[in-house]
Every structure is written in C-alpha cells, then in structure tokens.
Amino acid sequence: MKQKTIAILGATGSIGTQALDLVRRHPDRFSAACLTAQRSSEKLFALVREFRPQAAGLVCEPEHIPEDLRFCQWFFGPDCSVEVLKAVKPDAALCAITGIAGLDAVWTALDVCDQVLLANKEALVTGGDLVMEKAKQLHKPLLPVDSEHSAIFQCLQAAQGNPVRSLLLTASGGALRDWPQERIDSARVSDVLRHPTWNMGRKITVDCASMVNKGLEIIEAHHLFGMPVERIRVVIHPQSIIHSMVEFEDGAVLAQLGNPDMRGPIGYAMAYPQRLPYDAKRLDFAEIANLSFAAPDLNRFPCLGYAIESLQAGGAMPIVLNGANEESVAAFLEEKIPFGRIGQILRDALDAVPQRAVRSIADVYQVDAEARERAKDFIRRLE
C-alpha cells in the first residue's frame, strides 16, 4: 500500500494532535508531509523533530528556528498554510485551522491535493457555495471530520440511492445546557470551558455552550450534503454516543454510534473508505443503560436560531454571523464581555450589515470585515 502524504494544518490543536496520534500509530500508511500552527512554536518544533515533515509553518514567526530543524522548508505569516501546501503538494490536507482563517487553506488544498479532510466548518459557513462549486468542478472529495458530519457521511453510505427525508444533528448541549437563563447570561469563562463530554479547543467549546456551533454545523451540513435547512434538525443528546442520524422516506433512521473520541471521524476521513484501528474504548450498552434526547431551547440559546436564520437568508448573512461570532467569542475569552452579550452582538450584526450576493472569495472577506467592525463597535461600547 502506497504511503499517503498528508498536511496537518493546525497541528498543535486538538484535531491536529489526534490526527498525528493516528499517523504515529500507522507510519506505514501515512507521512506527515506538512505541519503548521498559529503560535505554539515549541510544540510545533517538537512535532517537526518527531515527524520530520518536508515543510512547516507558523503564523507568528519565532525569534529563531533551532539548527536541528532546518532540514525542512519553513514559512511564516498568515499565509503559511497556503505556502506549505503549494510547496509540497501532499496527497491530502487535514484542514483544522480555527475560523475563517482556514478558508484560504481549504481553497488552496482543493487545487493541489487529491483529498481535503475538512475539520474547518467555517470554510463552508463563509464560502460554502464557492467552495462546493470548486470541489465539484475539480472532482475533489471533501471528507468531513466533524463528528456529526462524519456520522451522516457514514450513514449515507447505506443509502443506495434511496431519498433522504432529513438529517438529524445531535448536540451535547454544551457546558450550560441545564442552566437557567439568568445564570447563562453571567457564565464565566471557566464555567463555559467545562464541556461535559468532549475535549476541544477553547473557541469551539464556547461555541458549543452558546449552541452557535450547532448552527454552524447546520450550515456546513446544508453545503456538504445538499440538504435544505428545513430538513436538517437538531436534537440534544447529552451522552454524545449517537453522533448523528439520517432519516429515510420509509421512516427508517440510521445512526452512527461510538464513545466520544475524535480519532474515529479523523481516522475515517484519513483512510476512507477503510477504518483505522486505534485504542478506541468499546461501547458497553449495558453500562450506558440510557440514551436521552430533547429539543433545543431557542429561548435560552438564541444563537442557534440566529444561525438558522442566516442560512435561510443566504447571501452575506452566514458570513456576518460567523465574523461577529469570532469577534464576540474572542472578547468573551479575554473577559471583556459577559457570556450573554455574545447573542446580542450576533443579533446586532445580522440586523446592521447589509444583505448582498457573494460571488467571490474577495466578497467573503469584505463582508467578514464589515461584520467584525460592527461587532468590535458593540464591544467597545460595553467597555
């Protein structure tokens, strides 16, 4: 079997480190040809020493590169992930950069790689129609890495051409799922980052607590699977055992189950259509005993509703939602605003930034800049 070269973009983050664990376990199948990170230089240096990629990159340039790491090409600055892809042209790219910052890398990966492993939902939230059209024209697969979209993708393998009635995205509900409204509004950073089932990065953990993350996943599912928004549903499932479901026209529902471990969906994308073995904890159904479900509460978690609204509106609105959310989450993590202000900032941006058609990547960034400036103005007024 030919060894697959793979770029891990966002190598020091949660998804990146788990992907590298799989590379470590299967050195005969994968070679980490490119590694990039934002600012965790010492962590990246350690990974470069271990995996010896052809190219590496850091958004924030360090003072120096250790002598023993100069065997590979180094790139620095906001475009470092794009540059490593162009320099090496690996077989596949795992795009795990957080936020709209990963859009250019996904766009470039479609040009230079055979496969794009998508762990950056914001690339589709902001550039969905453009990215999907490019993938279609180039006949390049976008393999989902998010656990929910991987679950749907796996269930759809059994569709055999049968029409799908709806997609059901499961949600843990985040750290605040059982909190009353007044406590949610004043939740502290330490409260929000205490996710009950998944170990993820700070930004996505905040998004889970506000449930905007599930809204972003609805937008991603719409683009990945060509499903209209009214046929994508969300169900709260606190145990995070069922990762998502597909309902068919005859009422049959197929679900993908597993213990919460992102190496499962990462490995499925890396080795598709095969599965990668690792030390996965097996499901013990007698131990689980109970799987519970509930409808999401849009009154307590309005950000989910705003995301659905933005997808229904189309055009610039999903970009506005994402840009305002990235700014407000950053402000919350820096303790500049209380948690309850995140939803207010999203609502304000969606009302204030003009709707328009989005016909190019340049249009995406123009709308994003306007949304961020509106959010920053709101945040400044609160300081």
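Is Asn 213 buried or exposed? Asn 213 is buried, at a relative accessible area of 5% (buried is under 20%, exposed over 50%, partly exposed in between, with a 1.4 Å probe and protein chains only). This is a predicted model, where local features need pLDDT of at least 70, side-chain atom pairs count only at pLDDT 80 or more, and totals for chains, interfaces and linings use all residues. Residues are numbered from 1 along each chain as its sequence is written, and side-chain values use heavy atoms, leaving out hydrogens and water.

**Asn 213 and its surroundings**
- Asn 213 sits in helix H10 (helices are DSSP runs of H or I, at least four residues, numbered from the N terminus).
- Beyond its neighbours within four places in sequence, Asn 213 is in contact with Lys 121, Ile 204, Asp 207 and Cys 208 (contact means heavy atoms within 4.5 Å).

**H9 with H10**
- The axes of H9 (residues 202-210) and H10 (residues 212-225) cross at roughly 95° and come within 5 Å (axes are lines fitted to C-alpha atoms over the stretch in contact, with angles from 0 to 180 degrees between N-to-C directions).
- That makes H9 roughly perpendicular to H10 (65 to 115 degrees).
- On the H9 side are Ile 204, Asp 207, Cys 208 and Ser 210, which meet Val 212, Asn 213 and Leu 216 of H10.

**H4 with H5**
- H4 (residues 103-112) and H5 (residues 122-138) pack at an angle of about 5°, with axes 10 Å apart.
- These two helices are therefore roughly parallel to each other (angles under 35 degrees).
- Residues of H4 including Trp 107 and Leu 110 meet residues of H5, among them Leu 130 and Val 131.

Methods. Angles under 35 degrees count as roughly parallel, over 145 as roughly antiparallel, 65 to 115 as roughly perpendicular and the rest as oblique.
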